[in-house]
Amino acid sequence: MNLTVLISLGRHPKSGRLMLSPNDARALAVARRLSDSPRLVHVGEASQQQTLRQYLGLGFAAIDLIEAVPGQDICGVLIEDLRRNPCDLLLTGERAQGQDDTGLVPYILADRLQRPLLDRVLSIDAQGQATQFLPKGQRRVMALPAQCIATVSENAPLELEYVARRARQGVINVLPGNTGDCAQVYHGWQQEPKQPGRTRLSIQSTASGWDRFAKRMNTTGGGGQVLKGSPDQGAAQVLSLLRDKKLVP
Amino acid sequence: MSIRRVNRFTQERGFVTAEGIKRVARARDVTGLDQAPAAAAKAKPVRHSENAERNLLVVLHCKAGELSTLDREAIYVARALSEMGSQAQVHTLVFGAPNPNLDWAEFGVDQLHVLADERFEHYVPEAKVQALVHLHGQLEPERVVFVESELGDSDLARRFAIAQGLSFGGDLYEVTDHSVRRLSGNGRYQASGPLPQVLAVQSGTTGDLDLEFVTAPNTVAVQGVDAPVAPEESLFSLPSGDIPLVEADFVISAGNGVANMDTFHRLAQLLDATVAGSRVVVDDGKLPRERQVGATGQIVKASVYLAIGISGAVQHLQGIKDCNTVIAVNSDESCDMIKRADVSVIADAEEWMQAMISALEGTP
Ligand SMILES: Cc1cc2nc3c(=O)[nH]c(=O)nc-3n(C[C@H](O)[C@H](O)[C@H](O)COP(=O)(O)OP(=O)(O)OC[C@H]3O[C@@H](n4cnc5c(N)ncnc54)[C@H](O)[C@@H]3O)c2cc1C
């Protein structure tokens with residue numbers, strides 16, 4: 001199977017140093033089960049090769065690094081590359097962990113390349129059956145459409161082990177990117193170090209002070225329904241409540 | 001020179017109670033009758049929005065007919081955005097049939113669009129986008145508000161915004177009248193931008209959820225959308241014992257009041273619920289550490305939390321603040337858990353569990 005995995009650089013949540021992104025390592029673990037030598041593609045600066053080698057340490061032979069200047073629209077670069085090197089399946093992490101972290105890149109690629117997209121995959125087996133993550137312990141299994149893009153869930157396991165020797169031995173092919181289309185994706189967004197606190201949106205109150213006070217006085221936090229009686233009655237009432245919520249047949 | 005003393009409380013102000021004691025209420029002229037602060041009980045004014053100039057759209061998924069707190073927050077965000085500027089209507093599109101007892105007037109929804117076709121419960125994101133684009137074209141809303149949720153909302157928001165070429169802001173933890181804020185750089189930076197056309201909000205963007213008015217909502221079934229062909233897929237649930245506590249939907253939790261853990265496990269198995277416990281139980285070694293609920297344990301977001309013999313210490317209650325329905329079983333009627341619970345049973349834990357077991361085994 002012709003498989004391509006997109007990898008990005010993450011940021012350590014405490015130290016802020018660039019490192020491999022765990023989400024992309026999850027995508028690599030899914031890819032490894034399908035193919036021995038998937039193609040790894042990174043768009044970024046050639047100066048970050050040392051950090052990228054962490055991905056090679058997970059057991060891959062080569063990375064294609066397409067050069068781009070900071071702030072450049074990486075989707076434009078990727079689309080051009082993917083048109084030139086078509087693949088049967090494109091895997092990405094659910095979202096970057098150290099960039100803009102919007103999770104939009106796979107959606108933009110799917111839209112521009114006219115490919116189906118499957119989100120939050122946990123694993124894909126050799127028959128092409130994908131297991132999708134759903135909350136509350138639910139899972140969905142379905143066939144992977146042809147020529148599709150799949151994002152790998154943040155809940156997928158981190159299976160691959162890092163070996164320093166492999167990180168040194170792998171190769172990074174630096175490819176020139178196009179510098180024509182340098183349009184930025186996000187207009188008007190400003191990034192700065194995180195500050196604590198937030199203002200919560202609220203509708204301006206037209207009530208008088210007395211009304212607000214009265215409301216506070218009236219809503220005494222007094223619990224819900226209290227059932228007294230024999231244990232059998234209590235059990236029957238709780239069971240009927242659970243049946244209403246369709247938790248018990 | 002002398003300063004004239006002004007007596008702010010004249011003889012006419014105030015009233016005499018039945019016991020003959022004179023009472024003066026400041027800032028308010030009260031007769032003795034209206035002492036009880038009954039103002040909150042009066043009916044809220046009804047807001048009509050026939051001649052609104054703008055529209056706002058909220059897109060939600062109804063799971064088993066219920067709305068989560070986050071869904072309510074998204075509606076509140078849209079309502080608050082509609083209050084800024086000229087009069088606006090808040091439309092809500094729900095996938096799945098909502099419970100008839102949901103009070104959309106209280107939530108501040110002007111028009112409810114329901115897409116209750118069962119086939120939308122399958123993985124048909126393209127069909128959902130199509131339905132949404134159709135409604136979007138009809139209403140031309142100023143903004144579309146989504147929630148960030150793994151039930152398909154986050155996915156739909158991104159697909160829709162990209163397909164329509166609209167500006168998008170996701171994972172928003174702050175929304176104001178002109179700007180939004182989100183985290184980037186793996187939580188180390190904040191990115192702030194102008195209000196986008198498509199918003200996907202996290203929990204905590206709003207404070208209070210209560211409105212001071214109600215709306216007169218009307219429900220319309222969405223027209224002109226072809227139901228999708230359900231793809232071949234299978235849905236399954238992990239065995240309840242394997243579900244991590246943070247993910248679990250139905251949790252049964254034991255406290256110090258549970259004397260017999262075997263009965264407890266038997267009941268959990270019959271109910272097919274995920275097992276948890278208070279710190280005391282875990283410290284006693286009756287349950288593994290990853291099953292502890294509370295400040296130093298796990299935060300559960302279950303739709304039903306069944307607390308058996310748990311006193312409800314603050315450290316424990318912190319772990320269940322996101323649970324929808326809490327059911328408490330305790331022999332002590334005055335404990336804090338019963339104040340938090342939506343339904344409480346005053347009974348001995350062992351007897352009640354035995355009653356549950358025989359009731360469940362009695363049913364075929
Ligand atoms: C720093 C710190 C962190 C903590 N973190 C956590 C935490 O993360 N999670 C946590 O759970 N606790 C935590 N605790 C402990 C917490 O304060 C309480 O001690 C603990 O939650 C009490 O557990 P409990 O309700 O099971 O036991 P108890 O307080 O002993 O309550 C037992 C309850 O069972 C009832 N009962 C007794 N017998 C019966 C019977 N036969 N039938 C029915 N009911 C009966 C009693 O009326 C009582 O309400 C923390 C404490 C500290 C100091």
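## The interface between the chains

About 7500 Å² is buried between chain A and chain B, and carbon and sulfur atoms give 57% of that area. Buried area here is the accessible area (1.4 Å probe) that two parts lose on being put together, summed over both. Lys136(A), Trp189(A) and Leu201(A) supply 12% of what chain A buries against chain B, more than any other three residues. The contact (heavy atoms within 4.5 Å) takes 79 residues from chain A and 92 residues from chain B.

This is a predicted model, in which local features need pLDDT of at least 70, side-chain atom pairs count only at pLDDT 80 or more, and totals for chains, interfaces and linings use all residues. Residues are numbered from 1 along each chain as its sequence is written, chains are lettered from A in the order in which they are written, and side-chain values use heavy atoms, without hydrogens and water.

## A helix pair across the interface

Helix α7 (residues 231-244) of chain A packs against helix α9 (residues 349-362) of chain B at about 55°, with the axes 8 Å apart. Helices (H or I, at least four residues) and strands (E, at least two) are DSSP runs, numbered from the N terminus. Axes are lines fitted to C-alpha atoms, for helices over the stretch in contact, and angles run from 0 to 180 degrees between N-to-C directions. The angle makes α7(A) oblique to α9(B); under 35 degrees counts as roughly parallel, over 145 as roughly antiparallel, 65 to 115 as roughly perpendicular and the rest as oblique.

Among the residues in this contact are Val238(A) and Leu242(A) from α7(A), and Trp352(B) and Met356(B) from α9(B). By class, the contact has ten nonpolar, one polar and two charged residues. Ala, Val, Leu, Ile, Met, Phe, Trp, Tyr, Cys and Pro count as nonpolar, Asp, Glu, Lys and Arg as charged, and the others, Gly among them, as polar.

## A sheet with strands from both chains

An open sheet of six strands runs in the order β13(A)-β19(B)-β18(B)-β17(B)-β15(B)-β16(B), with parallel pairing; two strands pair if DSSP finds at least two bridges between them. The edges are β13 (225-227) of chain A and β16 (274-277) of chain B, each with a single partner strand, so one side of each has no neighbour in the sheet. Strands β18 (residues 325-330) and β19 (residues 343-346) of chain B pair over four bridges.

Helix α9(B) lies across β17, β18 and β19 of chain B, at about 130° to β17(B).
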